[in-house]
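Biologist: I am new to this model. Could you take me through how its features are read?

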Amino acid sequence: MATLDDYKGQMPAWCPGCGNYAIQKAFKEAFVEMGIEPYQFTIVSGIGQASKFPHYIRCHTFNGLHGRTLPVATGLKLSNHEMLVVAIAGDGDCYGEGGNHLIHAIRRNISIKLFVHDNQIYGLTKGQASPTSMEGMVTKNQPFGVLSGQLNPMALAVALDCSFVARGYAGDHEHLKTLIKEAIEHKGFSLVDILQPCVTFNTVNTYAWYSERVYHIESSYDPTNRVEAFQKALEWGMRIPIGIIYKNNRTPFEEKIPVIQAKPLVKQTITMETLKKSIEQTLKEYY
Amino acid sequence: MSFQEVSLDYSIRVGGEAGQGIQTIGDTLSKVFSRTGYYVFTHQDYMSRVRGGHNFYQIRFADKPISASRESIDILVALDKESVRLYEKFMSPSGVVIYDRSLLKEEFNNPRFLHIPFIDIALQSGGNKIMANVVATGAVLGMLGISIQIFLDIVKDTLKKKGENILNANIKAALSGRDYAATHCLQCAFILSSPDKPKMLMGVNEAIGLGALASGCKFYAAYPMTPSTGIMLYIASKAQEYGIVVEQAEDEIAAINMALGASFAGVRSMTGTSGGGFALMVEGLSLAAMTETPVVIALAQRPGPATGLPTRTEQGELLFALHAGHGEFPRVMFAPGNPEQAFFLTNKAFHLSQKYQIPAIIFTDQYLADSQWTFNEFDLNRLVYKDYRIHTEELESYSVYKRHAFTESGVSPFAIPGESSHLVVTDSDEHDEEGHIIEDGATRIKMVDKRLLKKLPRIAEEMAPPVLYGATEPDIIIVGWGSTYGPMKEAVDTIAPKQSIAMMHFSELYPFPPVHNGQYHTILKKARLTLCVENNAGRQFARLLKAETGYECTGYINRYDGRPFTVESLVEEINGYTG
């Protein structure tokens, strides 16, 4: 059984107090409690502070390009669907640069577990607005304040009938850990947007700001009702819901592809002999 | 059918609007000829629209191998007026135009024009207007005096699921078309020689697809873009049989990144696109290089910049692909000149990309994508398949596994994630041997040496020299790459009786075949006239040749009107140089 020590990776290069530490801790604990070994899953990440994540725990890692996390994860999952595939991205990474991929990954409903470290700011490039920055927020690059509307990833996901839609908060450890477990266990695509204070560049959305506003979604709430979920997803401001906003039973993409039902692509053996025999047969179609 | 032992070489052009069934007539006739045992070359020319406009399909068949179209037409099937207006001037002295006056709304009082009531015959056969295609196909066979049996077999194969009434109507239409032409075409004087054994008829997109199947490709992701789409369609049609996942990605950026994810996971993967899509893939190409993840990319060129001429042809992406991607890294590039080369070079692209963990690019273009060739067979013993990934037993023998370990060859052991407890880690950032992010200069130098400087000379030694066709010590050499192979070869055949001429065709472009590999450099230097033939304006290959070998061609023949070289136009341009 894996222990927390098995998940000890490289020394993080995050700022002291960064919300990423709390997410990392919850993640490691969730994985240890679920009995998942480091070699049993792959993390695909992009570029940004969040995307350094896989280096700081131990796992198979494809740390790719900014915004391109989900396509790499999709190719990986389609080739080896027995592997747990986790995608880690930031708000700029996933909702900005990679927005198109998010839409289509949700449509496919491929079993990728996406965790977005949403600090509502660009950290790595030092403090520009992100798609989830609130309207009016002044930055060095937005001297007149953010003029565009704030992207609502939860509403977007519900609108697309995303299979699992949840919001967590880096400042609520136990709750986040539970959400991570539920996202991993869900069949199909999971999106967990994690509110994560950036202690260096975001002076608006601080620990205090979030802590004042977040509340656990009531236990009476039915996350399978899409219309109510949409309403819940729209809540933002003085009260911000955290927990599972929506989930459904859509069949995962990988279960619909006939050629991988017997075994994953990566386990299908290939030999020169069988290849030649098949090609010989196929070439007959050309005569 | 009476055979005489004379050289046979006829060209048929089917012209009309998109949606009139030109493709069906052309495909069927080509199949009949190749199955009968003739050598066939076909090419198509169409506008970027689904209906209307004007398109043609040209089929040349002969009793010896052929590799290009000729301008002269022996039978023109004119389904619209435009066909007559545009192509009458290309008719050979014994050529015949067939048409239906009810379609063209015009009657031609010329002995070389034969009215055949395609539509009336179709209706009388118990069918509908669409069956005019079947009548026309039957008519062409009747004019040529070629047995209709193979055509009837094709009709039966295609329509067996449509019910007996439809099938019988089609057979009747085919026979009536043949009989009408045979009886009415008094001016038909086509002489057939004995056919050889049946041949394979194949296009380049299918050949690339087949090459991928033969190389163990398990994953193909792409976004549709002319003229590369045919590759995806072909592989999708074989997905079930060969166990391949084909995913239509949301864009080309996703396509290449998916292919990289699949490759990292442990399967051979591929993508395909045209210039505009490749432009979007460029960052992913660089990612493949940095993470040392193999991927094969088919780059089907068409004229740019931007959307350019979407259904026309050009060889405009050579230097773009050579330099594509930020940063310095190796790649291999192939440019097949026909389907057979495409099949084996796709196999080589997979092999080298796996062996050296690099991206491999296969060039085609619209001209190649829209032409078909015949071959007696492919020698499958030339195929290479070697699994370069490190598997469980070998992997478990490592006490420490490092994905990007420094080695003598620059190639690191590449494990399959999940096959053992060793972790496979890679990064688009510069990284250490384990795959973790670094910034120190010393590691950086070692990584660049490993990825680029150690691998590149080793890959170069794997590249084959150009093919020399024609005179062995030529006075004149036409130099080219990729799709100009066919027209160049036939231009050499045409000029050879009068001049000492050869073609030097490069299909393995980068790393450039070293000058010590074969005699090509010496042969070039000895020639009096060396003409670099390219379907572009920028003399891109001539520049690559000069940069890599120091050799500068003495003259250039460039075509950039979006059309392929024809043998006739090429011969004329060569003659312009030789006087």
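Modeller: Start with helix packing: axes are lines fitted to C-alpha atoms, for helices over the stretch in contact, and angles run from 0 to 180 degrees between N-to-C directions. Helices (H or I, at least four residues) and strands (E, at least two) are DSSP runs, numbered from the N terminus. This is a predicted model, in which local features need pLDDT of at least 70, side-chain atom pairs count only at pLDDT 80 or more, and totals for chains, interfaces and linings use all residues. Residues are numbered from 1 along each chain as its sequence is written, while chains are lettered from A and ligands numbered from 1 in the order in which they are written.

Biologist: At what angle do helix 1 and helix 6 of chain B pack?

Modeller: Two packed helices are described by the angle between their axes and the distance between the axes. Helix 1 (residues 22-36) and helix 6 (residues 149-159) of chain B pack at about 125°, with axes 9 Å apart. That makes helix 1 of chain B oblique to helix 6 of chain B (under 35 degrees is roughly parallel, over 145 roughly antiparallel, 65 to 115 roughly perpendicular, the rest oblique).

Biologist: Which residues of helix 1 and helix 6 of chain B meet?

Modeller: Two residues are in contact if their C-beta atoms, placed from the backbone, lie within 7 Å. From helix 1 of chain B come B:T28, B:K31, B:V32, B:R35 and B:T36, which meet B:I150, B:F151 and B:I154 in helix 6 of chain B.

Biologist: How many helices and strands are in chain B?

Modeller: Chain B has 21 helices and 21 strands. Its radius of gyration is 26 Å, close to the 25 Å that the globule rule gives for 579 residues, so chain B is as compact as a globular protein of that length. The radius is taken over C-alpha atoms, and the rule is 2.2 Å times the number of residues to the power 0.38. Along its principal axes, the C-alpha trace of chain B spans about 85 × 60 × 40 Å.

Biologist: What share of the residues in chain B is buried?

Modeller: A residue is buried if 20 or more other C-beta atoms lie within 10 Å of its own, exposed if 12 or fewer, and partly exposed in between, with C-beta atoms placed from the backbone. In chain B, buried residues make up 56% of the 579. In helix 8 (residues 204-214) of chain B, 11 of 11 residues are buried. Just after helix 8 of chain B, B:G216 takes a positive phi of about 80°.

Biologist: Is B:L285 buried or exposed?

Modeller: B:L285, in helix 12 (residues 275-291) of chain B, is buried, because 22 other C-beta atoms lie within 10 Å. B:L285 and B:P359 are 74 residues apart in sequence, yet their C-alpha atoms are 6.9 Å apart in space.

Biologist: Where are the cis peptide bonds and positive phi values to look at?

Modeller: Most residues other than glycine have a negative phi, and most peptide bonds are trans. A cis bond joins B:T226 and B:P227, with omega about 5°; another cis bond joins B:G304 and B:P305, with omega about -5°. A:N109 is not a glycine but has a positive phi of about 60°, and A:N109 counts as buried, with 23 C-beta neighbours inside 10 Å. B:K105, also not a glycine, has a positive phi of about 55°; B:K105 is exposed, with 8 other C-beta atoms within 10 Å.
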